[in-house]
Amino acid sequence: MKFLNKLLAATAVAAVCMAGPAQAETKRIALVVKALGIGFFEAAAEGAKEAAAELGDVEVIYTGPTDTTAEGQIEVINALIAQKVDAIAISANDTDALVPALKKAMQRGITVISWDSGVAAEGRQLHLNPSSNPLIGNMIIKLAADHLPDGGDVAVLSASATATNQNIWIEEMTKVQDNYPGINVVATVYGDDLADKSYREAQGLMQTYPDLKAIIAPTSVGIVAAAQAVSDAEKVGQVNVTGLGLPSEMAGHVHSGASKSFAIWNPIDLGYSATVLAYNLATGVAEAKAGAEIPMGRMGTLTLDDNSEGAMADPFVYDASNVDDFKDIF
Amino acid sequence: MTGFLKSREAILAGAILALLIGVASRFPAFVAPANLANVFNDTAPLIILALGQMVVIVTRCIDLSVAANLALTGMIVAMINTAVPGLPIPLILAIALSLGAMMGLVNGLLVWKLDIPPIVVTLGTMTIYRGIIFVISGGEWINAHEMSDSFKAFPRASFLGLPVLSWIAIVCVVAFLLLISRTPLGRAFFAVGGNPHAAVYTGIDVGSTQCAAFVLSGMLAGLTGYLWVARYAVAYVDIAGGFELEVVAACVIGGISIAGGVGSVGGALMGALFLGIVKNALPVINISPFWQLAISGSAIIIAVAFNAASSRTKGRVILKKAEHAI
């Protein structure tokens, strides 16, 4: 059934491409993700489809490279420019590398917004943060601290050392660290969003810091790999793995006890909001400027700051009590 | 010739030892026997794949599709496991081996029957296999809670103090030692790589021998696919992304000549161990992550430089022997 849907979607896209300018009244919004095949972005695409159904005259093109590289995304952007889409909503693999390609898109009259992982201000009209960065930074350390009443050593397992969003969250986390007395962040390591490297880095952390009480992994690949490494090292109950992950991917590890709780915003809402925002900008309903309030359907309004950025909502905490309700959704 | 190879392996063994001593000076717990067993276990997939890659490289080919083959087989067996959780593990292993062998056969037949350069064939099938994973999985992950317990437990089950994953690597090493030194096929790999024209005159079919090498490499990739997915308890499109280059690097470091005809099981094993130790040591010795890639890369360049230097001496030695004979 899934495959059939994909086939239908692909045929629809192909048909639209062939029809070209004849269907100019339908707004074509491209949702460009970091890489295809990541559960989080598949869920965002669901939200985008929901928005398209609600708005009516919108065709969503869900696309992205097959691996998380800026080069791959530049190729995708160039292809979208050639297809003359109306708007591009992108989650970027690199803050700066995509700017020239996206500028070119804007010069051709294409609305460009970034969401999830941002592009430098000159490369987009607005950026939709899934949540506010300070709030996420606070959340990931709070998740660890909540289960450590007496404090202890915690370490961060990030994705790649150049991942925009990871670095900002870790920076925000460091700012509020003093609010959690006794919590001692001993190291930050990088698993490059590869299951095997993340697993090895988690093993390394447990070896280097025998008193480690928690691993904070603000990445969906890292948190799963770290949870598996903790289970394999038979340190469940001793080392708590937390951070940002997806309920479907974490359900097993929450039940095994390797992870007591983790957080994530709702990617469906995120894809939905990005699509509605892109639509509102492309149709001229709203203009992206500092202080603007742009409606985003059922998610309320987005208020832009001086940097043309806005936050969608607070991250949501999942634990053994509610993870099963969400594991089949995303 | 064998004396030279032995000394080359001795150099590599020395390098591994030096590496271990260096790491131990910064983080003594690294060389504890239990941790070394962990490192070996972590390197087991690389060892298994390097053995398959070795025979392919020895026949003057290269297999860039191993990681994609691994990922596709891993995804298929994980999907089979979710659909039929009760399927016994031996059957899963058989499926993984035959799926991998089939994908290797596709490479082999394209190289043999259509005479396409192996690097082009496997570059193509690498992308095709990754693409197929996306098509069959719809981009979805298969997660720990969807796999059956026995499926996940097999590679980590302990047998005589070592996990099964490690034992499989050891069995593969022994099997390859026998294959290379005791079977006509094993000797044919070297004949084909060393001098294809001479091999033809001795009655060896170059194409079918290369095809056999690809099937072997594919079979091992398939086996590793199951072990990988079960060990990390997750299957998705990108697993083992870029791992094919690590496998080739392990072979190159192990002294297997990209030009074909030269290589040994010991070399592949030690090349893989060297990379495995570097990968496991870097996280614990507090080196900036920005330097880690540079360090791994330098190890490869140094090894290739060694290879280039040693292949020059090899030429001279043979000529001298020939002169003496005359």
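This report walks through the predicted model shown above, from its domains and sheets to its core and the contact between its chains.

## Before we start

Because this is a predicted model, local features need pLDDT of at least 70 and side-chain atom pairs count only at pLDDT 80 or more, while totals for chains, interfaces and linings use all residues. Residues are numbered from 1 along each chain as its sequence is written, and chains are lettered from A and ligands numbered from 1 in the order in which they are written.

## Two domains in chain A

Chain A splits into domain 1 (2–130 + 267–313) and domain 2 (133–264); these bounds come from an automatic or database domain assignment. The C-alpha centres of the two domains lie 30 Å apart. Where they meet, domain 1 of chain A puts in nine residues and domain 2 of chain A puts in eight. Contact here is when the C-beta atoms of two residues, placed from the backbone, lie within 7 Å.

UniProt, in an unreviewed entry, places the feature "domain: Periplasmic binding protein" at residues 29–284 of chain A. UniProt positions are given in the numbering used here, feature names are shortened, and annotations may be inferred rather than shown by experiment. That span is 46% helix and 20% strand, and its end C-alpha atoms lie 14 Å apart. Helices (H or I, at least four residues) and strands (E, at least two) are DSSP runs, numbered from the N terminus.

## The six-stranded sheet

Which order do the six strands of this open sheet of chain A follow? It goes β2-β1-β3-β4-β5-β13, with parallel pairing. Two strands count as paired if DSSP finds at least two bridges between them. At the edges you'll find β2 (58–63) and β13 (309–311) of chain A, each pairing on one side only. From one strand to the next, the twist averages 20°.

Let's zoom in on β3 (residues 87–90) of chain A. Four bridges tie β3 to β4 (residues 111–115) of chain A, and A:A87 has A:T111 as its bridge partner in β4(A). Another four bridges join β1(A) to β3(A), again in parallel, with A:V32 partnered by A:I90. Along β3(A), A:A87 and A:A89 point one way, A:I88 and A:I90 point the other way, and all are buried. (A residue is buried if 20 or more other C-beta atoms lie within 10 Å of its own, exposed if 12 or fewer, and partly exposed in between; C-beta atoms are placed from the backbone.)

Helix α3 (residues 70–82) of chain A lies across β1 (27–32), β2 and β3 of chain A, and runs at about 175° to β1(A). For angles like that, axes are lines fitted to C-alpha atoms, for helices over the stretch in contact, and values run from 0 to 180 degrees between N-to-C directions.

## The four-stranded sheet

Chain A also has an open sheet of four strands, in the order β7-β6-β8-β9, with parallel pairing. β7 (183–190) and β9 (240–243) of chain A each have a single partner strand, so one side of each is left without a neighbour in the sheet. Neighbouring strands are turned by 25° against each other on average, direction ignored.

Is β6(A) largely enclosed or largely open? Five of its seven residues are buried, so β6(A) is largely enclosed by the rest of the structure. Seven bridges pair β6(A) with β7(A), and four join β6 (residues 152–158) to β8 (residues 212–217) of chain A. A:A155 has A:A187 as its bridge partner in β7(A) and stands opposite A:I215 in β8(A).

## The nonpolar core

A nonpolar core is a set of buried Ala, Val, Leu, Ile, Met, Phe, Trp, Tyr and Cys residues joined through C-beta atoms within 7 Å. The largest one has 212 residues, and those touching the most other members include A:I88, A:I215 and B:A50. Helix α10 (residues 206–232) of chain B gives the most to this core, with 16 residues. Both domain 1 and domain 2 of chain A supply at least three residues each.

Leaving out residues up to four places away in sequence, A:I215 touches A:A155, A:L157, A:A202, A:L205, A:A226, A:V239 and A:V241.

## Where the chains meet

How many residues of chain B are in contact with chain A? There are 27, and they meet 31 residues of chain A. On the chain B side, α5 (118–137), α12 (265–281) and α13 (289–325) each give two or more residues, and the largest share, three residues, comes from α5(B).

A:Y199 sits in helix α7 (residues 195–208) of chain A. Among its contacts, not counting residues up to four places away in sequence, are A:Q228 and B:Y232. A:Y199 is buried, with 26 other C-beta atoms within 10 Å.
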